[in-house]
Amino acid sequence: MTSKDWSGNINSVWKAIGTSNHSKNERETDDYYATDPIAVDKLLNVETPRHLIWECACGGGHLSERLMEHGYEVFSSDIKYRGYTKQHLILDFLKQEDKLFSFEHDILTNPPYKYATEFVLKAVKLLHENCRCYMFLKLTFLEGKRRYIELFKNTPPSRVYVFSERVLCAKNAEFDHMRENGGSAVAYAWFVWQKGYTGATEVRWI
């Protein structure tokens, strides 16, 4: 599905819930971790994404909702429907071959971690030149020889924003349960890739 003839408000165009191109036994069933929306607030203190953002693994809509509260127009998709009523499309992001929009936009998401490398490579492929993808990932994503060869060697991020305080990432969006059991011991960061960027990676703290 493309939007070469797109015009008007996204909500008036995309109403495809119930349309699917994946099987009922999808890989993300046990890999849905919702992100505390405060992660968006901290990112927007240091970055200014394009007005249109594609949230390609929207889950329960936590990041999408906060982005819209900040005035962004958000296109939300996921491999399955998780009850987020503003989700526009059921879509396997990794199987998307063509650009979804003919105009510039950024991509922002918390991808399923075991497919994070594939999500980054796919996002960079689908973006227009100079557009950016923002990936909420564990700080340990920086590690690994295989990941260096497959991703970082030829496609380095332009910036990495390390959280100075822990940000919750709760399985199945069970934030209260997570807080009651001590919060999170995992360090996260926003990784930013810009299509066509060839410089060094800058690390900052937020």
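1. Trp54 and Phe93 are both buried, where buried means under 20% relative accessible area, exposed over 50%, and partly exposed in between, with a 1.4 Å probe and protein chains only. The model is predicted: local features need pLDDT of at least 70, side-chain atom pairs count only at pLDDT 80 or more, and totals for chains, interfaces and linings use all residues. Residues are numbered from 1 along each chain as its sequence is written, and side-chain values use heavy atoms, with hydrogens and water left out.

2. The protein chain has 206 residues, of which 50% count as buried. Its secondary structure comes to 6 helices and 10 strands; helices (H or I, at least four residues) and strands (E, at least two) are DSSP runs, numbered from the N terminus.

3. A pair of aromatic rings is described by the distance of the centres and the angle of the planes. Rings of Phe, Tyr and Trp (its six-membered ring) pair if their centres lie within 6.5 Å; planes under 30 degrees apart count as stacked, over 60 as edge-to-face and the rest as tilted. By this rule there are 13 aromatic pairs. Trp54 and Phe93 form an edge-to-face pair, with 5.2 Å centre to centre and 75 degrees between the planes. This pair links distant parts of the chain, since Trp54 is in strand β2 and Phe93 in the loop between β4 (89-90) and β5 (106-109), 39 residues apart.

4. Phe141 and Phe191 form another edge-to-face aromatic pair, at 5.6 Å centre to centre and 85 degrees between the planes. Phe141 lies in the loop between β6 (132-138) and α5 (145-152) and Phe191 in strand β9 (residues 188-194), so the pair ties together parts 50 residues apart in sequence. Phe141 counts as buried, at 0% relative accessibility, and Phe191 is buried with a relative accessible area of 0%.

5. Ring pairs also link Trp54, Phe75, Phe93, Phe101, Phe103 and Phe119 into a cluster.

6. Gly59 is found in the loop between β2 (52-55) and α3 (62-69), and it is buried, with a relative accessible area of 1%. Which residues does Gly59 touch, not counting residues up to four places away in sequence? They are Tyr32, Asp78, Arg82 and Tyr84, where contact means heavy atoms within 4.5 Å. Gly59 and Thr109 are 50 residues apart in sequence and 9.6 Å apart in space, C-alpha to C-alpha.

7. Among contacts in the protein chain between residues at least 6 apart in sequence, 75% join residues at least 24 apart.
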